[in-house]
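Subject: Structure handover

Hi,

Here is the structure you asked for. My notes on it follow below.

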Amino acid sequence: MSLIAVTVIGHDRPGIIADATAGLAGLGLNLEDSTMTLLRGHFAMMLICRGDSAPAAVEDALAPLAADGRLMVSARAVPDEGDPNGRDSRPYVLTVHGGDRPGIVSAVTRVVAAAGGNITDLTTRLTGDLYVVVAEVDLPAGADESAVAGALRAVGGELGVGVTLRPQETDVL
Amino acid sequence: MSIADWTEADLGVAGRVLPVVRAPAPVLSAPSPPVDPADPAVVQLAADLVETMRVSPGCVGLAAVQVGVAANIFCVDVSTHPKTRTSHGTFALCNAEVVDASRKEKGREGCMSVPDLTGDVKRATRLTVRGTVPGSGDEVVIETDAFEARALQHEIDHCAGFLFLDRVAGAHAVYPRQTYL
C-alpha cells in the first residue's frame, strides 16, 4: 500500500468531487486527507489516498473528468511522511489584512521562515482592494514570540498592511 | 441546594479510574438514556467520572459515554482553567438540559475522545442549564458564562450523542492537534 497525491483543478461544475472520488473508490483507494475549495471560481482539490494502484492507473481512471479539457488531473506517488505531531513547537494564528499589492505573502512568510517557523495552513482571499491572509504557524518552542510579532508588524508597516500573530489555544474538554 | 457546595464526597462512594473511549466507538454517537439520580449504579458512575476526570491531565469535564456507558450524566470542573470566569467547582449532573443560551463565540476545542483533532466551535457564552444531582436527586439550575458554559455545552452534547466534530464552524475548521497535555 502506497500513498498517491491527486490534484484536480479547473472549471467548476456540480459533480466533480462525486466523479473523482468514485474513480478512486473504483480502484480501491482510500481517501485519507483532502482539501477542496473554490479559488476565484475555479475548483481546486488536493488529496492523499492510499492503495495499491499505480499513479498512471489513477490518472487513467480520472481521465473522463478531464475529457472536455476544462479540468486538469494529476496523480503522483508520494512518500509517507510519518507523524506530523512530533515537533517541539507552539501553534499560532497569523492574520494579515490591508490594501492589495504584490509581495505581501512572500514578505510575511519570509519573517516566519527566518524565525524557524513552519506554516501548516494558509489561505488568502482578495475581495475588491482588500487582501486577507490567514495562516496557521508553528513556531519553535524556543522562539521569541514578541520578537517575531514585532518583525511581522514592521514588515506589515512597510507594506501598509496590518499583521497580527496570536497564540492558537485549544481547550480540551 | 447550590451546586457550588457539592463535592464528590456527597456521593458516599469511592470513585474508580475508568478507561476513556475514543471515536469512532459507537457509544459516542448515540444519545444517552435518562438516568435515575438515586440509582446506586448512577451514584457509583458519578464518582467514577469525577475520579477519571481528576487523573486525566487538563480534563475539565467527562461524560458517561466517554467511559463507554450510555447514561445521561457528566461531571465538570473548570475551576483551575485560565479562561474561566464563573465556576461552580466540581459537580456532576444527570439529565441536564439547556434552558437558555446566548452570546455565541467561536473557540477551538479538543476532546479526550478525539485525541488527534481539534475544531472551531461556536458556543453560547451565557448559559442556563437545568439538571439533577446524582445521589440526592435535587434539581438545580446553573447560570454560568465563558469557559464553564462551553464545557457544559460540550458535555451535554456528549450525552446527546454529539462530538465537537458535529458542531464545527465549517469545512476548514478541523485541524490536526498540535499540543498534547
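Which residue forms a salt bridge with B:R130? The partner is B:E97, with the closest N and O atoms 3.0 Å apart. Bear in mind that this is a predicted model. B:R130 sits in strand β4 (residues 114–132) of chain B and B:E97 in strand β3 of chain B, so the pair ties together parts 33 residues apart in sequence. B:R130 is partly exposed, at 30% relative accessible area. B:E97 is partly exposed too, at 37%. Elsewhere in chain B, salt bridges with shared partners link B:E109, B:R123, B:R150, B:D157 and B:R167 into one network.

The structure has 16 salt bridges over all chains. One of them pairs A:E136 with B:R108, at 3.0 Å between the closest N and O atoms. A:E136 lies in β7 (residues 130–140) of chain A and B:R108 in β3 (residues 91–111) of chain B, so this pair joins two chains. A:E136 counts as buried at 10% relative accessibility. B:R108 counts as buried at 7%.

Now the sheet in chain A. Four strands form an open, antiparallel sheet in the order β2-β3-β1-β4. β2 (30–39) and β4 (71–78) are the edges; each has a single partner strand, so one side of each lacks a neighbour in the sheet. β1 (residues 2–11) and β3 (residues 42–51) pair over 10 bridges. Within that pairing, A:V8 has A:M45 as its bridge partner. Helix α1 (residues 16–26) of chain A packs on the sheet and touches β1, β2, β3 and β4.

Best wishes

Note on methods: Residues are numbered from 1 along each chain as its sequence is written. Chains are lettered from A and ligands numbered from 1 in the order in which they are written. This is a predicted model: local features need pLDDT of at least 70, side-chain atom pairs count only at pLDDT 80 or more; totals for chains, interfaces and linings use all residues. Side-chain values use heavy atoms; hydrogens and water are left out. Two strands pair if DSSP finds at least two bridges between them. Contact means heavy atoms within 4.5 Å. Axes are lines fitted to C-alpha atoms, for helices over the stretch in contact, and angles run from 0 to 180 degrees between N-to-C directions. A salt bridge is a side-chain nitrogen of Lys or Arg within 4 Å of a carboxyl oxygen of Asp or Glu. Buried means under 20% relative accessible area, exposed over 50%, partly exposed in between (1.4 Å probe, protein chains only).
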